Amino acid sequence: MKTFVVGDVHGRCAQLHRLLDMLPRDESTDTLVFLGDLIDRGPDAPGCVELVLKLQQENPERVLCLRGNHEQMLLDFIEGSANLWITPVTGGEHTFQQYAGKTLNITKEQDLEDARREIENSIPSEHLDFFHRLPFFHEDDYAIYVHAGLDRTKHPSETPSQALLWMRDMEFYKNYRGKPCIFGHTPTPLLPLLGRLGRHGIYISHSAIGIDTGYNISSPLSCLSLPDFSLYQAFSDGREETHHITSFIPETIKAMQKKAASDGRPVVQ
């Protein structure tokens with residue numbers, strides 16, 4: 001029984017299809033976790049949402065998706081509580097165009113209100129319902145899964161959702177030693193150099209494990225499987241890579257690997 005964890009997708013639907021095809025996942029026993037940020041920046045955010053929603057509907061016990069800060073920004077924009085989603089740095093204008101079929105153009109206050117209603121009416125209701133249902137964390141025997149990070153002294157159930165969605169805390173990245181935590185949100189090239197591993201580019205420092213390997217033309221979309229620590233990556237140019245990570249694995253995961261080996265069960269497929 002494994003858990004496959006997919007980092008920030010950001011509208012890369014073709015890469016996501018290829019990545020999922022790479023996974024040696026038993027749909028009856030293995031869990032598939034998406035860390036959020038399915039939307040914005042990439043060429044097909046609606047396709048990503050539709051794919052993950054379909055996977056979840058077909059296998060609700062074994063497929064789940066966390067809420068990312070980009071999904072939250074979209075909901076905040078629709079509800080009128082914040083306009084961060086439409087600032088250029090977020091890439092929300094791409095998602096707007098993909099759903100609404102027109103370019104986002106804000107020149108006056110009324111344009112802002114029109115854009116709210118336009119995107120709300122353009123997104124299929126099942127997609128909006130899906131965004132509203134997304135949880136802020138998940139936990140299983142192997143790890144805790146969050147979009148952005150943890151308060152090192154608190155369980156995510158005791159942590160404000162704002163922190164789980166947005167946190168960027170160097171102390172967490174460098175010194176977290178609790179139950180292994182898999183997170184996205186901050187591209188690994190921006191995390192401390194000491195924890196960045198090899199050419200595949202994920203981050204491991206003690207019990208903090210970052211798998212958002214970035215968004216640009218050369219960035220892979222990454223999936224880490226537990227407890228075997230196999231890493232699957234799909235690139236925009238069609239390349240696919242698989243790595244079996246053996247260094248800096250948290251002690252609790254190493255113990256699970258050893259137990260599986262002693263029980264005669266394969267750790268790597």
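## A walk through a predicted chain

Helix H3, which runs through residues 69-79, is mostly covered, since 9 of its 11 residues are buried; here buried means under 20% relative accessible area, exposed means over 50%, and partly exposed lies in between, with a 1.4 Å probe and protein chains only. Helices (H or I, at least four residues) and strands (E, at least two) are DSSP runs that are numbered from the N terminus. The structure is a predicted model, in which local features need pLDDT of at least 70 and side-chain atom pairs count only at pLDDT 80 or more, while totals for chains, interfaces and linings use all residues. Residues are numbered from 1 along each chain as its sequence is written, and side-chain values use heavy atoms, with hydrogens and water left out.

The buried residues of H3 are Asn-69, His-70, Glu-71, Gln-72, Met-73, Leu-74, Leu-75, Phe-77 and Ile-78. What covers them includes helix H5 (109-122), helix H6 (125-133) and helix H7 (161-166), where contact means heavy atoms within 4.5 Å. After H3 comes Gly-80, whose phi is positive, near 85 degrees.

From this helix one can turn to the whole chain. It holds 9 helices and 11 strands, and its C-alpha atoms fill a box of roughly 65 × 35 × 35 Å, taken along the principal axes. For 269 residues a compact globule would have a radius of gyration near 18 Å, and the chain agrees because its own value is 18 Å; the radius is taken over C-alpha atoms, and the globule rule is 2.2 Å times the number of residues to the power 0.38. Of the 269 residues in the chain, 55% are buried, and among the contacts with a separation of 6 or more, 66% are between residues 24 or more positions apart.

The surface and the charges complete this overall view. The chain exposes about 12,000 Å², of which carbon and sulfur atoms supply 51%, with areas from the Shrake-Rupley method and a 1.4 Å probe, and for residues only the protein chains shown count as cover. There are 26 positive and 37 negative side chains, and the centres of the two sets lie 7 Å apart; Lys and Arg count as positive and Asp and Glu as negative, whereas His and the chain ends are not counted. The place of each charge is taken as NZ of Lys, CZ of Arg, CG of Asp or CD of Glu.

Helix H1 (residues 13-22) contains Gln-15, and Asp-21 lies in helix H1 too. Gln-15 counts as buried because its relative accessible area is 7%, whereas Asp-21 counts as exposed because its value is 68%. The side chain of Gln-15 reaches the backbone oxygen of Ala-234 at 2.9 Å, and a polar atom of that side chain lies 3.5 Å from the backbone oxygen of Ser-219. Such a polar contact is a pair of N or O atoms within 3.5 Å; within protein, one must be able to donate a hydrogen and the other to accept it, and residues adjacent in sequence count only if both atoms are side-chain atoms. Leaving aside neighbours within four places in sequence, Gln-15 is in contact with Ser-219, Pro-220, Leu-221, Ala-234, Phe-235 and Ser-236.

The loop between strand E6 (181-183) and strand E7 (203-205) holds His-185, and Gly-184 is found in the loop between E6 and E7 as well. Gly-184 is buried, with a relative accessible area of 0%, and His-185 is buried at 6%. The phi of His-185 is near 75 degrees, a positive value in a residue other than glycine. Not counting residues up to four places away in sequence, Gly-184 touches Asp-8, Leu-35, Val-146, His-147, Ala-148 and Asp-212.

Ala-143 sits in the loop between strand E4 (137-139) and strand E5 (144-146), and this residue counts as buried because its relative accessibility is 0%. Ala-143 and Cys-181 are 38 residues apart in sequence, yet 5.5 Å apart in space, C-alpha to C-alpha.

Two further loops remain. Pro-227 has its place between strand E9 (221-226) and strand E10 (230-234), and the peptide bond from Leu-226 to Pro-227 is cis, with omega near 10 degrees. Phe-248 belongs to the loop between strand E11 (240-244) and helix H9 (251-262); its phi is near 65 degrees, a positive value in a residue other than glycine, and Phe-248 is exposed, with a relative accessible area of 58%.
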